[in-house]
Amino acid sequence: MLTVTLAGLRAGWRRLLLSAAAVALGVAFVAGTLINTATVHASYYSQFAAQARNVDAAVEPANGARLPLSDLGAVRAVPGVASAEGRMQDSLSIVGANGRAYAAVAEDLPPDPRFRDFTVRSGGGSVLLDQDTAALDHVSARTPISVVGQDGRTRRLEVTGIVDTGISNAAPGGSVLILPAATVRALTGADGYQQIDVAAAPGVSQSALVARLAGLRLARASVVTGGHLAAVLAEQNAGGEGLLSTGLLIFALVSLLVAALVIYNSFRTLLAGRLREVALLRCVGASRRQVMAGLLAESAVLGLAASIGGLALGTLLAAALNSGRVALTPATAALCLATGTAVTVGAALLPALAASTTAPVAALTTPPEGKVGGVRTRIILAVLLAAAGLGLTAVGIPRGLPGLFMIAAGGTIVFLGFLVIGPLVAGPLAAG
């Protein structure tokens, strides 16, 4: 029976194109959504957790206070500490070229390069300005700027470098000026650290380092591992992308549901035209169970092949959206392939059950031509549905996150139009 099934697939591959296209599109949406979500999450996680890069332990103050400057020396003296740097920041104002002052954050420049969470774009040195502010105010390396300190006095500084602070900075959308710690204290009056970052000596684990630092019993301070700090930073900042992923996943599941309807309709039409073929199998001794198993095996092969194509298409779409980067795990690939195959077999179950009841005597009769009624009505309805779906999609595209639900509804309507016209296409394909 397996040989007959495979032979039937090879001989009548054209009649299965409609179902294969539906499965591939549905799986592509699901795969693209899952892969894109994982890729974006990994990218966001990495960028938002940049402050935890190379940090094995972090000493944090309690209740939003600041750590005394003396705590840094105590931390550095702990056995197993290879390096430690305090993070100090406070607000000041930068006077732009137009004479207007705007808010900024002054951060200290860690002497140890491993704790620097920015990228130098031009220049260097110890007076660094973020690239967005530099572009807005036409500032480059070796350009003087004016800053207003906490005492109200205006001072001149020469910018020595332009940096990219990424999206993990504590002042999103604001200006950032990175200076030596002594200069930050002089300008802002900062009298403590927001955090002390610690790197472990070779052979010392993060948990062991945290235990040793906890032994200092610093007042109003807690110690966490670098891994915990990275997770907290990422979740605090990058959690918003989950809502977008949810919307896309809803769209994918709706598409897969409509694809199942297309598959059901296609298989029903195809099997209606293969009654004589099924009856001949019954004449040569095939049981109802064997016939049904053969038809379901045919749908499983079709579903798996189409799912592989859909997974490839979804991966390409995710790569196009993320500059060639994709986070495709074996679990995601297996889920997509299993989903596409299961949906195809499930959609073909009822048509296969109906076809398996065909009596052997049907091989001696002339099967009905299986003409589809209401051709003009189907075409008009399909065109109207397609136009409505595309229109709704076009309206939803510029509307951001709420528009995703409009796009999903538009895609569903287009698929319904595809479903309406499906029997008109399936008939000629089945005849081949």
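**Close-up views of a predicted model**

**View 1. Strand β5 (residues 101-108) is joined to β11 by five bridges, and the strands run parallel.** Two strands pair if DSSP finds at least two bridges between them; strands (E, at least two residues) and helices (H or I, at least four residues) are DSSP runs, numbered from the N terminus. The model is predicted: local features need pLDDT of at least 70 and side-chain atom pairs count only at pLDDT 80 or more, while totals for chains, interfaces and linings use all residues. Residues are numbered from 1 along each chain as its sequence is written, and side-chain values use heavy atoms, leaving out hydrogens and water. A104 stands opposite S175 in β11. Strand β7 (residues 128-130) runs antiparallel to β11 and is joined to it by two bridges; L129 has L177 as its bridge partner.

**View 2. Both faces of β11 are covered.** S175, L177 and L179 on one side, and V176 and I178 on the other, are all buried (under 20% relative accessible area; exposed is over 50% and partly exposed in between, with a 1.4 Å probe and protein chains only).

**View 3. Helix α6 (residues 206-214) has L209, V210 and L213 as its buried residues.** Seen down the helix axis, these residues fall within an arc of 100°, so they line one face of α6; the arc is that of the directions from the axis to the C-beta atoms. On the other side, S207 and A211 are exposed.

**View 4. L213 is in contact with A57, V59, V75, V78, V81, V198 and V223, leaving aside neighbours within four places in sequence.** Contact means heavy atoms within 4.5 Å.
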